[in-house]
Amino acid sequence: MSVYILPVFIIALLIFSAIKKIRVYDCFVEGGKEALKLIGTVFPYIAAVSIAIAVFKESGFSAVLSKLLAYPLSFLGIPGELAELMMLIPVSGNGAVAMLENILIEYGADSYIGRCASAIMGSSETVFYISAVYFSDTSVKKLRFAIPAALLANFGGSIVACLLCRFI
Amino acid sequence: MSPSRFLRFSVNAVFFSLLLVSMAIILFTAPDKAMSALLSGGTEGITLSVKLLAIYAVWLSVLKMAEKLDLTEKLSRLFRPLIRKLMKGESPKAEKLIAVNLAANMLGMGGAATPAGIGAIREMWDGKSDTATDNMLMLVVLNATSVQLIPATVVAMRIAAGSGSAADIILPSLLATLFSSVLAVILVKTLSLKIRKPKSLKGFKKRGEGVFLDSK
């Protein structure tokens with residue numbers, strides 16, 4: 001069902017553009033120009049975060065941390081097996097997708113752990129990436145409580161997600 | 001350390017400690033892997049950026065069309081009551097971009113949400129300050145808690161992993177994301193009331209009739 005949304009949306013835009021005599025090709029050229037500029041401002045942040053994440057994973061530091069976190073998490077109703085996923089989601093979208101894939105295969109997509117992992121993933125975002133990238137076009141450096149507030153809100157959401165997976 | 005200082009959490013400090021501890025572990029476990037680990041991160045950053053460039057090119061073009069068709073204006077009218085509740089006193093241009101950002105997020109079009117979000121923050125910025133305003137925090141924290149209605153990617157991954165009922169997680173995930181978004185709004189509103197703004201921002205009031213700016 002949801003696969004139809006995008007093509008229908010684009011076709012509708014094209015038809016309206018034709019009616020209103022808007023030059024679509026020019027729009028795409030302008031869009032491309034803006035994209036190039038945007039990626040220039042965003043790239044330094046992405047590169048820095050990616051390097052830190054790679055070292056964090058490769059060194060085994062993330063595995064050690066997730067082992068330490070497993071017990072307190074299970075106390076809150078979140079399966080300890082998901083500790084590493086919970087740590088990856090805020091920092092790396094790609095990393096989290098790969099980890100979710102592994103979890104779904106290892107424990108089964110319809111197991112409690114599999115459903116919890118899916119619900120957590122569906123209800124949280126890459127906090128660090130968003131916080132870094134959204135301010136990239138300004139010289140704002142002090143984000144005040146942005147990251148702790150976002151992490152805390154996502155964490156609350158994850159607890160609720162796991163709780164709901166018990167019943168639904 | 002006072003709680004407000006602790007909450008003025010520094011990305012630099014996290015980045016530094018993450019790198020330091022990771023490198024220290026590598027030093028003792030596999031020093032020969034240090035270079036390859038660093039480089040693999042850089043390569044990943046480039047791969048991601050190239051992917052994002054393609055996504056931005058597509059969505060910024062679509063956004064251009066929508067803008068010329070006045071669709072973004074209509075969208076912002078639809079979202080205006082909500083935006084004015086959450087982020088008081090922003091310019092119409094910023095409101096438009098915020099509306100696009102929120103709508104794209106809800107529909108799971110992350111590619112459209114990011115450029116709109118960057119543009120919105122840029123519009124909300126006064127051009128010189130180095131400190132995020134309450135409204136900026138609200139937008140970023142809302143984005144970072146995901147307001148997506150249907151987690152299409154996750155459902156697709158579940159189907160691929162052989163789930164018999166892939167859509168089962170839509171409801172818990174929707175309720176959880178609703179909960180986290182409400183929690184985010186509460187957190188930002190109460191924290192911005194409690195934490196004093198740094199001096200640099202006190203003089204400039206501009207459009208931001210921030211509740212707490214007046215109360216201080």
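Which side chains meet in a salt bridge at 3.6 Å, N to O? In this predicted model, they are the side chains of E30(A) and K64(B), and the views below begin with that pair.

**View 1. The salt bridge of E30(A) with K64(B), and polar pairing between the chains.** The side chains of E30(A) and K64(B) come together in a salt bridge, with 3.6 Å from N to O. Across the interface of chain A and chain B, six salt bridges are found by the rule applied, and 16 residue pairs are in polar contact there, both residues of each pair having pLDDT 80 or more. On the side of chain A that touches chain B, the elements giving two or more residues are α1 (5–19), α2 (24–58), α5 (93–107), α6 (112–123), α7 (127–134) and α8 of chain A. The element that gives the most to this side is α2(A), with 23 residues, and the residues of this side as a whole divide into 53 nonpolar, 18 polar and 12 charged.

**View 2. The area buried between chain A and chain B.** The contact draws 83 residues from chain A and 91 residues from chain B. About 7,800 Å² is buried between the two chains, and carbon and sulfur atoms give 76% of that area. Of the area that chain A buries against chain B, 12% is supplied by Y134(A), R144(A) and F145(A), which is more than any other three residues supply.

**View 3. The largest nonpolar core, around L85(A).** This core has 100 residues, and L85(A) and Y56(B) are those with the most contacts inside it. Helix α8 of chain A (residues 146–167) provides the largest share of the core, 10 residues. When residues up to four places away in sequence are not counted, L85(A) touches A96(A), M99(A), L100(A), I103(A), A117(A) and M121(A). In soluble globular proteins, nonpolar side chains tend to be buried together.

View 4. L18(B) is placed in helix α2 of chain B (residues 11–29), and it counts as buried because its relative accessibility is 18%, the cut-off being under 20%. With neighbours within four places in sequence left aside, L18(B) is in contact with A52(A), F56(A) and F61(A). Between L18(B) and N135(B) there is a separation of 117 residues in sequence and of 29 Å in space, taken from C-alpha to C-alpha.

Note on methods: Residues numbered from 1 in each chain as written. Chains lettered and ligands numbered in written order. Predicted model: local features only at pLDDT ≥ 70, side-chain atom pairs only at ≥ 80, totals over all residues. Heavy atoms only, no water. Core = buried A, V, L, I, M, F, W, Y, C linked by side-chain atoms within 4.5 Å. Buried < 20%, exposed > 50% of the residue type's maximum accessible area, 1.4 Å probe, protein only. Helix = DSSP H or I, 4+ residues; strand = E, 2+ residues; numbered from the N terminus. Contact = heavy atoms within 4.5 Å. Buried area = accessible area lost by both parts, 1.4 Å probe. Salt bridge = Lys/Arg side-chain N within 4 Å of Asp/Glu carboxyl O. Polar contact = N/O pair within 3.5 Å; in protein donor to acceptor, adjacent residues only side chain to side chain. Nonpolar A, V, L, I, M, F, W, Y, C, P; charged D, E, K, R; others polar.
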